[in-house]
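Here are a few notes to read alongside the model. Take them one at a time, with the structure open beside you.

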Amino acid sequence: MEMSIESWFNLHYYGFGHDGEPLSDGEEDEEDLESTPEEPIEEIDDREFPFHDDVFYINLKGPRVRTGFDNLPMEILINIFRFLNAVDRDSAALTCKRWFDAMGYRDFLGEVCFHFEEVTICDATPPIELFLRSFRHFSNIKLTRVTFNGYCEFWDVFGDYIHEITFSNCPNVTKSKLTMILKRLPFLECLVLEECDELFKSWTPVDKKRIEPTCKNLRKLALRKNNAFTVDHLDYLIAMGPNLAALEVSKCLKQIDAPTRVKILTTILAIMQRRKKKLKSVDFSYTMYDDLFLKQFAEIEDMSLSQISLSFFERAPIKDPGIIDILRCQTNIVHLDLSSFLNLTDFALIEISNSLHLLRTLKLNGCWLLTDFGVESIYKLDRLRVLDLSDCDKISDRGFMKAIVDRKRDCMNQLFLSMLPGLTDGVILKICLTLLNLTVIDFCGSDCMNDTSVQFLFCYLKCLRILRLNGCVKISDAGLTGENLAVAAIEMWDAQTTFSISELRSLQELQLSGCFKVTDITLMHSFRFRELREVNLAHCVQISEQGIEAMSLNCPALEQVDLSDCFHVNDRCVEYLSKNLLRLRLLKLVRLPLLTGASVDSLVNNCRALRYLHIRGCHKLPKDSAQRLKKIPTLRNIPKC
């Protein structure tokens, strides 16, 4: 087939000739090309070239060869989408049908939670009316303070696709309504009942002779912030899920009498005894129980748990506490959360290090009895990925150095060390040289962070995605920009090298609340993050219009911004944010005396994705600001200005 010069160039650019074979040096015939009449060439659909799709627009006259990302195998496309967050994937899904089909992957759907808050669940009213016309499926649903109004077709249409559902503080949900909904969710895997005391109060008596529905696929049952459920309620819910593998009873049993609490705890132990072969995860964090409960927990034989979450507030015996027995029995634990376990001692931590060799996550936030003697034993946990020692104020450099720094830890990616007055800036360099793969680091309120130590973070931890430095008052522009430093981060002979926070190109969350020495200089010279989604600059009192403008232009992916108590922020700042940040979803403007009605107009006219707005304490705002803000169609909370 003959072809035009433009079409020939389109294929020749990629090394293909007339018949799909590579061209040789002697095949080019200028006379034939000049005398050949232009004829259209058929579009090639099944050719693949290792080039970016945009390169096909080099020659606009020639036909476009369909290849590149739109013809990638679905497995490769899904792996590429894994690097995107949920918001970016939603935007990418609008590109073409193939990309939209990739969004149907189960893991991606599970990351998106459709939250219905303070609405009426009825077919004839929005938003249910809109959802019934949708062609998408939803796997995670949360209902908060909703009102149920009769039969709803929504559950028949989407019930087969829902895998997780949460009922949170729904005042008129009853046993019959709950049963009706669950019957239409045949593949439900997780059921969460949060603040549902009204449900349990109206659910009497409990008929355990007829259990319905039976959710055979239910893997997790979670009761959160509930105080009105009884033993019968608990038995009934457990019987609904014969294949339960995870049980959560968190933040419960705080407002009931002691005999009833003991009876419920005894029932929980009996349930664990019956389901010990299938049970893999338990979560009793911030629930009232005593050491006897932990002792009986440890006495359950042939139960192998991989995840345990416990908090303890009662007085524990000094010798042989119940937590020690649990740690000796459950040696297959992978994730252990003992946050706010106030009586956890060094001997318990030593037992953790000696027994739990498979441990990957260890959270000890608020365990104030721990000292260097116990923390040193953490060096034995060579598979550790997440470590939280926040608010363990008796830990010093010596214990932490032996626990973490003196051993190779390439697998560790999250470290939380907030509120630790015993750490000094000398340990920061050791952390950076040892934990090179950290993606999350938290030093909130720690005195060890200053301009010099923060430079080490920028130099070595290039993979950081979340950086939290709230309350680190020693940090200034010099440390964040690398300019005018008293001492350079690296000095060799007469050469000095400094670093800027802009070196962290993968940064997605930055917390600088309370760092009052940070000024517009940092925002103008170092805030250039293409992936930054959340920034907290509350109480940074020297930030003003110039810095906000630069940040809004150089960080286009921002979704959450907190400028509370930055009293130099004015109407122009709000205008820059609303015009330049097209993805802005959450904005906090608390106690800003310079804001007027012009800020309200900017938000109403420019914001197209704003969902949550906190704008209280701004005394110059007009009285009708709340009514005007209702014009933002996406806004979920109407602030009381």
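1. Let's begin with the second largest pocket, whose lining divides into three nonpolar, two polar and seven charged residues. Keep in mind as you look that this is a predicted model. Among the residues lining this pocket are Arg82, Asp88, Arg465, Arg530, Glu531, Arg533 and Arg583. Phe83, Leu84 and Ala557 also belong to the lining, and the space inside comes to about 260 Å³.

2. Now turn to the largest pocket, with a volume of about 1,700 Å³. Its lining is made of 39 residues, and Val112, Cys113, Arg585, Arg611 and Arg636 lie nearest the centre. The elements giving two or more residues to this lining are α4 (86-92), β1 (114-117), α7 (128-131) and β23 (612-614). By type, the lining has 19 nonpolar, eight polar and twelve charged residues.

3. Next, the inside of the protein. In soluble globular proteins, nonpolar side chains tend to be buried together. Here the largest nonpolar core holds 173 residues, and Ile165 is one of those touching the most other members. Leaving aside residues up to four places away in sequence, Ile165 touches Ile141, Leu143, Trp155, Ile181, Leu185, Leu188, Cys190, Leu191 and Val192. There is also a second, separate core of seven residues, including Leu77, Ile78, Phe81 and Phe108.

Technical notes. Residues are numbered from 1 along each chain as its sequence is written. This is a predicted model: local features need pLDDT of at least 70, side-chain atom pairs count only at pLDDT 80 or more; totals for chains, interfaces and linings use all residues. Side-chain values use heavy atoms; hydrogens and water are left out. A nonpolar core is a set of buried Ala, Val, Leu, Ile, Met, Phe, Trp, Tyr and Cys residues joined through side-chain atoms within 4.5 Å. Buried means under 20% relative accessible area, exposed over 50%, partly exposed in between (1.4 Å probe, protein chains only). Contact means heavy atoms within 4.5 Å. On a 1 Å grid over the protein atoms alone, a cavity is a set of points where a 1.4 Å probe fits but cannot get out, and a pocket is an open set with protein on both sides within 12 Å along at least five of seven lines; lining residues have an atom within 4 Å of a point. Grid points are joined across faces, edges and corners, and a volume is the space filled by probe spheres set on the points. Helices (H or I, at least four residues) and strands (E, at least two) are DSSP runs, numbered from the N terminus. Ala, Val, Leu, Ile, Met, Phe, Trp, Tyr, Cys and Pro count as nonpolar, Asp, Glu, Lys and Arg as charged, and the others, Gly among them, as polar.
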